[in-house]
Amino acid sequence: MANLKELRSRITSVSSTMQITSAMKMVSAAKLNKAQSAITAMRPYADKLTELLQDLSASLEGDSASPYSAQREVNKVLVIAIASNRGLAGAFNSNIIKASKELYENVYAGKQVDFITLGKKVHDVVSKSHTIVANKSDVFDDLTFANVANIAEEAMELFTNGTYDKVVIVYNKFKNAATQEVMKEQFLPIVMPEGAANTAIDYTFEPSKEEIIEQLIPKSLKTQLYKAVRDSFASEHGARMTAMHKATDNATELRDALKLSYNKARQASITNEILEIVGGAEALNN
């Protein structure tokens, strides 16, 4: 059994750790509330706009077809991997790294797979083995639609000029504070809805098809990426809050166990001292 000094030191250390994890949990909870409200309010709009984009793309043919729906043989793939700049969030970052690895080792094995990274954690791992087209980890310092739109424009340009044949987004979709779902979502070319060929909608275009292609479709793609980043941002705080809650509980259990061991060791020490005193007194009497 450890001596009293060692036990006191460990109790102090665990208590300090518990205070830190508890504080981090409260900070993440406050940030999660704001991030959750943002993604919850945005998701219906983004989903409806994406649905409209898919239906619209299906109705455009020939010269009117959007350059963002061009289907080509897939030889070069660009992956937009969205993670976090910080750790202590459970499996949040490692899940994105695993999903990215699944893409280049299995789904697109033998293809050229490059990355745009959002988050230092995924960048540090992926950069060791693959080309990083751009590291946009600083986007989380000022998470606005305009900043994410710039990233979307870069990816859209790389697709339309033929540098890449497909663009895929990998991110954590927010469900609740304790649950995040890893998504591997095709960004470009635009995914046509199932049965689109049989249920194409006859749209009336105002002012013209050309302006729709030039304005609505790019805006919808930017919104799609912004939603993914917002989903990931809310998921990060949910994952960190959950991880810090578990860490605080574990630290509390460990502290209580150490205190029990300390009290037992202290009681044994006092008992030994009493026995020594009694033994000494008996020896003097004899």
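Helices (H or I, at least four residues) and strands (E, at least two) are DSSP runs, numbered from the N terminus. The model is predicted: local features need pLDDT of at least 70, side-chain atom pairs count only at pLDDT 80 or more, and totals for chains, interfaces and linings use all residues. Residues are numbered from 1 along each chain as its sequence is written, and side-chain values use heavy atoms, with hydrogens and water left out.

Eight salt bridges were found in the whole structure, each a side-chain nitrogen of Lys or Arg within 4 Å of a carboxyl oxygen of Asp or Glu. One of them pairs arginine 43 with aspartate 231, at 2.4 Å between the closest N and O atoms. Arginine 43 lies in helix H1 (residues 4-59) and aspartate 231 in helix H5, so the bridge ties together parts 188 residues apart in sequence. Aspartate 231 is buried at 0% relative accessibility, whereas arginine 43 is partly exposed at 21% (buried, under 20% relative accessible area; exposed, over 50%; partly exposed, in between; 1.4 Å probe, protein chains only).

Lysine 175 and glutamate 181 also form a salt bridge (3.4 Å, N to O). Glutamate 181 is partly exposed, at 33% relative accessibility. Shared partners join Arg43, Lys227 and Asp231 into one salt-bridge network.

Strands S4 (residues 166-176) and S5 (residues 179-188) pair in the antiparallel sense over nine bridges; pairing requires at least two DSSP bridges. A hairpin of two residues joins S4 to S5. Isoleucine 169 stands opposite glutamate 185 in S5.

Isoleucine 270 lies in helix H5. Its relative accessibility is 37%, so isoleucine 270 counts as partly exposed.
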